[in-house]
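Subject: Handover of a structure for your study

Dear colleague,

Please find below the structure that I am passing on to you. I would be grateful if you would look through it alongside the notes that come after it.

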Amino acid sequence: MLDRDQVLHVARLARLELTHDEVERMSRELSAVLDHIETISELDLESVAPTSHVIEIANALRADEPRPSLSREVALAGAPAVAEEGFEVPTPGS
Amino acid sequence: MSAPPRTATEAVEAIRAGQLSARELWLACQAAATDDELNAFTWVADADDGPNEEAAALPFAGIPLAVKDLFCTEGIPSQAGSRILRDYRPPYTATVVRQLLDAGASLLAKTNQDEFAMGSSNENSAYGAVLNPHDRGRVPGGSSGGSAAAVAAGIVPWALGTDTGGSIRQPAALCGIVGLKPTYGACSRYGMIAFASSLDQAGPLTRSVADAALLFSKMVGRDPCDSTSLAFPEAIELPRSERLDGLRFGVPDELTGEGVETGVRAAFEASVALVEQLGASVERCQLPHAPHALAAYYLIAPAECSSNLARFDGVRYGLRVDSQDGSLEEMYSRTRAEGFGAEVKRRVMLGTYALSSGYYDAYYGRAQRVRTKIAEDFRAAFERFDFILTPTSPTAAFELGARTSDPLAMYLSDFCTVPMSLAGIPAISIPNGASGGLPVGLQVVGPAFSEPRLLDAAHALELAHADRVKTIALPSPLRFEGNENGAAGARE
Amino acid sequence: MNLQPTIGLEIHVQLDTRTKMFCACELSFGEPPNTRTCPVCLGLPGALPVLNAQSIHFGLMIGHALGCELAPQSIFHRKNYFYPDLPKGFQISQYDAPLCRGGSLGDVRIDRVHLEEDAAKLNHVGVSGRIHGAGSSIVDFNRGGTPLVEVVTEPDLHDAEEARVWLALLAATMRQLGVSDVRMAEGSLRCDANVSLAPAGSGELGVKTELKNMNSFSFVKRGIEAEIARQRALLESGAEVVQQTLHFDPRSGNLTSLRSKEEAHDYRYFPEPDLVPIAIDEEMVQRAREAVGELPATRIARYEHLGLSAEHAHQFAFRPALGSFFEAVLSAADGASPRELATWTAHVAAALGERDPDASALEPAALAALVALVGAGRVAAGPARTVVLARLLSQGGDPARIVEQEGVGALDDDAGLADAVAAAIAEHPDAAERLRAGNAKAIGPIVGHVMRATKGRADGGEVTRLVHERLGL
């Protein structure tokens, strides 16, 4: 069960602005999904190791050799706001 | 050219034999894609951008390929079905797409999809729903719905899709074509816009098993740009088997019982009988943790997606919605609120919650342990069986809008495909006749890196199924010069 | 109330690899903004990280140098938070399975050593025309993705100066290893400090605060001093210390709180699914061990054993370039005392300032030869340093020839020196008189005169002998 306050807290962590209706709907829908998900709490998994990767490989390292970077024009090509050769954003905390 | 080639393999042969030029095929497909009424495409190449003479000498002879919008293609819109990436043109091309173009495929179109590959109906696209070519009132499945519809409709010989929890197999089943989800790590994920990194895999959607093998043979390989990719241990040959003698098939109780609709079950039982007729043995078996796969999947995939989609923040590319108060925080949250659709928001919320302080162990951590058990179940099963058989989807194509208001019902459409994704093992969906006039899929599952054997077995089944599959074949929309009206009669 | 401070440090050091941690972009050193980026370090859709092998090698060298336990298997985690300098919305870092654990440097125990990627640079540019009335900043992704090593100490330090000295030792160790040049002013070493106060002998730790992002040794010292003073004042007045993150402004000396409670971060760490585990094998461990070489602490001990002053021993151990120059002088010298050679190496360092001896024209063998000439009385120490060494540093060459060319060789012909002594006595009759009367100090002006007249070439002992002889003493 995910109540209104929890929905708002999670939405803030996820940087999602939700309308009043969306908060209500999220609370209802996510609670239903979580109810289904709760079935895994019945399993005894105490001695089971978690799986992050299904493949058993390690390292996959890259040699420390440079390759050409993108030109600034290309790097900035998709940016919604550009200024002074960089990506413009509202100053944090202002 | 008298009749349009039925498959990509046939098209390559026809071009080699001089019966068809790559250019002719390109123009016919380009015209059909331009005229498409299924909303299968988000971008179609110009007629002039077709293959040149040299392409004919390459393995794929220049034949057209449609690529799911999730793949980055340099200078070509790559929008992942999302409003947040409208008109985004990446500066690079995904490794698998590059490999296929290098093998002589010609990029004809980008295909519509559920936003960021999240969905089972293709209704979650910012570019509109895709229609099922067998019944335009129904969904094509998802998330690779555009690729499946385009191939099923005969507009392109083949297409590239991605599968995270069933996104190749389920639409392939609902559209009556072949879809292969390879072993995790077999194909590079570099340049494939990430949904859930530990589950995402690229794969082919085709009109024959041989085509799937042909396309897949050029997709595999270790990519230095993808740490989780592996060299495929053997060459992928074209499948030739016509029999299944001596092979052992397991049919898991958990994925073939409750929840599978009657018509689908009937088709499945018919194919089980066919497997035995082809010389294989079939036995019931158990995958005890499979019923929990969906729960684990709907924690792991959203958790990874919540992190993977954090990069869509209105700073470097894509949509930005300016804040009213000038704050960075509001710019972020408004951009993401307007850029993401309802399903993406739902999963980002679910995943953020599952990883958040105090809930990690109960949700994400537990889900990873369930994942271990599911993989163990399969390993145990493959000690007794060569392959596992299930229906691909518990139902045939459902009506547009039927499940959009009930996320959980939508999620349940993945219950036959999700366990294999969690285990990282290969699975192929092949046409398996019809239920109520709509295509139904059969899923064949093998252990990791068993694709050559899996394709062989699927090929034998495809041959044996040929009569049942014919009943759902659609007429080709391709028009060739001198054969303006020949398309309808082109099929043998 | 006798309150004892307890301090733990978290140090981030940029590693001197050629390329970034997870992509093949070259590291940036003041290049124009956004010219060292690629799909990976810009966080473009679909891009994936691939770990730089050299960053692991450097991490293992640091682990060896600090005596850490090297994890046979470690993994990367994602640390999720939104900030414009973080292109993916998460930082790839290490969490509960770091590369190294334990170990120590000097008296301070190490908790862990792990690797992570650096953030990009965010420059505030003032009010923007686009966003009405609000401040605007520009992101430059050149630095984003630079490999960082984070060293976390146990709370084993107890005052600000001790922290400063220890940090200098750590920086010297990094330099000596060749894993980082540790240019603090350029932000290649950044230090956070956890500070708490508790009654001495209580065996307990007080509530701690975290001082963030100090980028010079002296700021670290001043910041910690300021925070100790602040906490002491609070506690002595009966108030409580609130756990918080603080910023120290070195210009004003002020401490300001960085985050309020409601903004408390929830980083949602989880294993990075785009990377595979790092499995350290014997070959990697061996290669790192061989690359470590002699560390500052060992070197200080060895130099002191050779008879060097503590000051010179530290100076050479902390500046690897100076240390290796001294070693070269030592091996080129024939019989001179290491202490003497160290004094001359220190002269070289003083003359060069920030520059390394390698950057001058001076050959180690030439310095050894010069020290030998001084020892043999062929040139006096004064002109040897001011004239000969100066020329060796700027032009190089053979010290004996330079002595000759510059005419600064010691005066050993008695006649010339005797004349100079006679002249000096004649110039200072009062001094001569007092000297005769038994005032030994009175010889000063006479010797000084001789030295000036001979441009310092005369040997002081010989001059004194001649003065005494001339005055019949």
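The notes below describe what was found.

This is a predicted model, in which local features need pLDDT of at least 70 and side-chain atom pairs count only at pLDDT 80 or more, while totals for chains, interfaces and linings use all residues. Residues are numbered from 1 along each chain as its sequence is written, and chains are lettered from A and ligands numbered from 1 in the order in which they are written.

I begin with the sheet of chain B. Its 11 strands form an open sheet with mixed pairing, in the order S1-S3-S2-S4-S6-S5-S10-S11-S9-S7-S8. Strands (E, at least two residues) and helices (H or I, at least four) are DSSP runs, numbered from the N terminus, and two strands pair if DSSP finds at least two bridges between them. Strand S1 (41-44) and strand S8 (281-285) of chain B stand at the edges with a single partner strand each, so one side of each has no neighbour in the sheet. From one strand to the next, the twist averages 30 degrees; angles run from 0 to 180 degrees between N-to-C directions, and axes are lines fitted to C-alpha atoms, for helices over the stretch in contact.

The next topic is helix packing in chain C. The axes of helix H9 (residues 364-375) and helix H10 (residues 381-395) of chain C come within 11 Å and cross at roughly 160 degrees. That makes H9(C) roughly antiparallel to H10(C), a term for angles over 145 degrees. The residues of this contact divide into nine nonpolar, no polar and no charged. Here, two residues are in contact if their C-beta atoms, placed from the backbone, lie within 7 Å. Ala, Val, Leu, Ile, Met, Phe, Trp, Tyr, Cys and Pro count as nonpolar, Asp, Glu, Lys and Arg as charged, and the others, Gly among them, as polar.

Chain C is divided into domain 1 (3-288), domain 2 (294-406) and domain 3 (414-470), with bounds from an automatic or database domain assignment. The centres of domain 2 and domain 3 of chain C, taken over C-alpha atoms, are separated by 32 Å. Four residues of domain 2 of chain C are in contact with four residues of domain 3 of chain C.

Finally, the contact between the chains takes 38 residues from chain B and 29 residues from chain C. On the side of chain B that touches chain C, the largest share, three residues, comes from H8(B).

Key
Angles under 35 degrees count as roughly parallel, over 145 as roughly antiparallel, 65 to 115 as roughly perpendicular and the rest as oblique.
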